[in-house]
Amino acid sequence: MTTSTQTTPVKWEDDALVLLDQTRLPVETIYLRLTTAEEVWGSIRRLEVRGAPAIGMAAAYGLYLGIRGSEAQTYEAFWQELNRQADYLGTSRPTAVNLFWALDRIKARVKKDAALPIAELKAAVLDEALAIQKEDAEVCRTIGEHLLTLLQDGMGVLTHCNPGALATAAYGTATAPFYLAKERGWNLKVYADETRPVLQGARLTAYELQQAGIDVTLICDNMAAMVMSQGKVQAVVVGTDRVAANGDVANKIGTYGVAVLAKAHGIPFYVAAPLSSVDLATPTGADIPIEERPAEEITHGLGKQVAPDDIKVYNPAFDVTPAQYITAIVTETGIFKPEEIAKSKQ
Ligand code: MRU
């Protein structure tokens, strides 16, 4: 069950995908009503919807929007159209494997239901998208329960980017224990890194936790070492966009640095990962495709020009934290050493 304090980033309403435009938060609460796969592609690319599970959910609805008007008369023609739309949506962002997981899951459902008439296959696509969203809330809550066993009342916990309710169907992954702790009357003190360059920590994590009445303190990314050295943080919990088979983890740029700092200070570093983010087909972190985003996110990142014209920019949106820096990866199936992540899917 979603608690009333949480904001829903993705909704299926009146035959359309309704997204909370996350580029406008925290200043404006604006909902976008999308009715085509092209619009969904654009919203994912522009980060209007973002965060690995939310991207997967949006793509799933996008696939339905892409095929609902199909005039295919045969299963083969419908299957081809479905694959064309799925391939297209898959080009929106490369790193979060949840996007591909959701599209593949819908394709598998259609394959299973191949004997049904086309109209029922279309309904099955929507049904599967709705199921993905419904299950995600339960998955996040379960991850939160597991993570809570690793934390204690009164702890300071640092997080990076937004692995929150805004990135999922409810609770978030890495933020789920914060919501559950609040429900239980615990007092966790959360430190949210601002998360350069597009400030998911400041704009989204600080916002949603504050809205929920959770004790959250915003810090700049370059303050994490100081905060750790001052003994304010007893654990780090982050989300992920993809976990490779060897336990390496891709997450928002800057996560790797936080993991190195945590190790240097003897602080446990936990990764919250729904199984939809665990990609055993990708052997190591080096095999994870890392998205590069436009230079303007850095040169004009805070709403005004903050760098010289024509400066060379390198803007990878994610980095890979090697397994050796990770204390545990927490999925809905339990708590795993990174090198044993394959067991999470057995
Ligand atoms: O570029 P973003 O905002 O989509 O990046 C999001 C993250 O890196 C999150 O930490 C990750 O997707 C996990 S969300 C539960």
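The legends below describe close-up views of a predicted model. Residues are numbered from 1 along each chain as its sequence is written. In this predicted model, local features need pLDDT of at least 70 and side-chain atom pairs count only at pLDDT 80 or more, whereas totals for chains, interfaces and linings use all residues.

**View 1. The shell around the ligand.** Of the 19 residues around the ligand, those that come nearest are Arg 50, Ala 52, Ala 167, Gly 239 and Lys 252, where a residue is near a molecule if its C-beta atom, placed from the backbone, lies within 6 Å of it. Two or more residues of the shell are given by helix H2 (52-67) and by strand E9 (249-252), with helices (H or I, at least four residues) and strands (E, at least two) being DSSP runs numbered from the N terminus. Domain 1 (8-136) and domain 2 (149-341) each supply at least three residues to this shell, the domain bounds coming from an automatic or database domain assignment.

**View 2. An open sheet of four strands.** The strands follow the order E11-E8-E9-E12, with mixed pairing, and two strands pair if DSSP finds at least two bridges between them. Strand E11 (278-279) and strand E12 (318-321) stand at the edges with a single partner strand each, so one side of each is left without a neighbour in the sheet.

**View 3. The pairing of E8 with E9.** Strand E8 (residues 242-244) pairs with E9 in the antiparallel sense over two bridges, and Arg 242 has Ala 250 in E9 as its bridge partner.
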